[in-house]
Amino acid sequence: MSKTGTASGESRIERLRDSIGTDFTTTTWVLVPLGIGINAIGGFIASTLKLPLFLDNIGTMLLGILAGPWAAALTGGLANIVQAMLGNPVQLAFMPVPVAIGLVTGFLARRGWFDNVKKVIVPAIVLTLVATIIATPIVVLVFGGVTSSGTSLVTATLVATGRSLVESAATAQIMVELVDKGGSAFVAFFIAKSVPSRYLPPQGQDIFS
């Protein structure tokens with residue numbers, strides 16, 4: 001490898017380190033457990049009531065908006081581990097979903113898509129697609145279309161109409177994710193907007209101050 005290529009590679013690694021380091025301030029470390037708690041409570045409610053929703057990524061999105069993609073990805077992954085330990089082991093298989101949700105939310109926030117409520121419609125749609133694309137193969141290949149969530153009821157109903165399992169699972173996911181992830185994006189935005197500026201991490205200050 002040429003010296004130029006080596007220098008370029010080292011520069012990219014250095015930028016990545018800086019990006020990750022920027023996320024993890026003292027304030028961020030205080031917010032991570034809060035985000036995990038919000039996710040766990042939402043997931044517990046949805047699972048207990050068998051709702052055709054998940055409600056377990058609001059905390060992840062909140063960290064994505066306030067702190068950045070890496071903190072949000074960590075929050076999402078840890079939240080799924082906590083939910084699995086609390087009696088919902090299905091969450092372990094779906095860990096790639098909240099990690100991706102955290103990364104996408106954080107990068108969208110850095111690019112100004114959570115500056116005001118009108119812009120949030122774009123992250124709502126993008127996050128719906130991201131969750132659907134990642135979750136559908138897991139639902140079909142790992143669980144055969146049947147999980148512990150209320151989404152399985154939607155999938156079963158669609159299968160009963162003669163659709164294939166893959167089509168039914170994908171349709172059910174995008175229907176549910178549009179409400180769940182889309183709604184969660186707006187909820188996370190309004191929570192983030194209500195946080196006093198003195199408690200905001202650097203990214204949150206850039207967005208809301």
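Let me start with the contacts of Ser168, which, once residues up to four places away in sequence are set aside, touches Thr155, Leu158, Val159 and Arg163, a contact here being heavy atoms within 4.5 Å. Ser168 sits in helix 9, residues 165-194, where helices are DSSP runs of H or I with at least four residues, numbered from the N terminus. With 0% relative accessibility, Ser168 counts as buried, the cut-offs being under 20% relative accessible area for buried, over 50% for exposed and partly exposed in between, with a 1.4 Å probe and protein chains only.

A word on the basis: this is a predicted model, in which local features need pLDDT of at least 70 and side-chain atom pairs count only at pLDDT 80 or more, while totals for chains, interfaces and linings use all residues. Residues are numbered from 1 along each chain as its sequence is written, and side-chain values use heavy atoms, with hydrogens and water left out.

Now to the aromatic rings. Rings of Phe, Tyr and Trp (its six-membered ring) pair if their centres lie within 6.5 Å, with planes under 30 degrees apart called stacked, over 60 edge-to-face and the rest tilted. The count by this rule is five aromatic pairs. One of them is the stacked pair of Phe94 and Phe143, at 5.6 Å centre to centre with 5° between the planes. Because Phe94 lies in the loop between helix 5 (90-93) and helix 6 (96-110), and Phe143 in helix 7 (residues 121-143), the pair ties together parts that are 49 residues apart in sequence. Phe94 is buried at 14% relative accessibility, whereas Phe143 is partly exposed at 24%. Elsewhere, Phe189, Phe190 and Phe208 form one aromatic cluster.

How values were computed
Helices (H or I, at least four residues) and strands (E, at least two) are DSSP runs, numbered from the N terminus.
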